[in-house]
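Hello,

Here is the structure I promised to pass on. Have a look at it first, and my notes on what turned up follow below.

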Amino acid sequence: MEAQCPQCDQTMEWVNGHYHCVACNSDYQQLANCPDCGQPLQELKACGAVDYLCQNGHGLISKKRVLFSYILL
């Protein structure tokens, strides 16, 4: 999955469990939020697949609907 740097809009690289922007030399953690309530989603990983679960009553959320954001590490 490609991620764009929130600071300079360049494509970031996945490095050791976080995203790194070479252009502005910044590291970011990716957050997944529910599109219905805005709360953090639980990430479920199994057999190479990643699914997202809203624990606030919205159930499984399609990866296409997840609101991804990035925080500076």
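**The largest pocket**

The largest pocket has 21 lining residues, and Trp14, Gln30, Glu43, Lys45 and Tyr52 lie nearest its centre. A pocket here is an open set of points, on a 1 Å grid over the protein atoms alone, where a 1.4 Å probe fits, with protein on both sides within 12 Å along at least five of seven lines; lining residues have an atom within 4 Å of a point. Two or more lining residues come from each of β2 (11–15), β3 (18–21), β4 (26–33), β5 (42–46) and β6 (49–54), and β4 gives the largest share, five residues. The strands are DSSP runs (E, at least two residues), numbered from the N terminus.

The volume of this pocket is about 470 Å³, counted as the space filled by probe spheres set on the points, which are joined across faces, edges and corners. By type, its lining has 11 nonpolar, six polar and four charged residues. Nonpolar covers Ala, Val, Leu, Ile, Met, Phe, Trp, Tyr, Cys and Pro; Asp, Glu, Lys and Arg are charged, and the others, Gly among them, are polar.

Before you go further, please keep in mind that this is a predicted model: local features need pLDDT of at least 70 and side-chain atom pairs count only at pLDDT 80 or more, while totals for chains, interfaces and linings use all residues. Residues are numbered from 1 along each chain as its sequence is written, and side-chain values use heavy atoms, with hydrogens and water left out.

**Salt bridges**

How many salt bridges does a search of the whole structure find? There are two, taking a salt bridge as a side-chain nitrogen of Lys or Arg within 4 Å of a carboxyl oxygen of Asp or Glu.

One pairs Asp36 with Arg65, their closest N and O atoms 2.8 Å apart. It links distant parts of the chain, 29 residues apart: Asp36 sits in the loop between β4 and β5, and Arg65 in the loop between β7 (59–61) and β8 (67–72).

The other joins Lys45 to Glu43, with 3.3 Å between the closest N and O atoms. Lys45 counts as exposed because its relative accessibility is 63%, whereas Glu43, at 39%, is partly exposed. The classes are buried under 20% relative accessible area, exposed over 50% and partly exposed in between (1.4 Å probe, protein chains only).

**The whole protein**

The protein has eight strands and zero helices. Of its 73 residues, 23% count as buried.

Enjoy exploring!

Key:
Helices (H or I, at least four residues) and strands (E, at least two) are DSSP runs, numbered from the N terminus.
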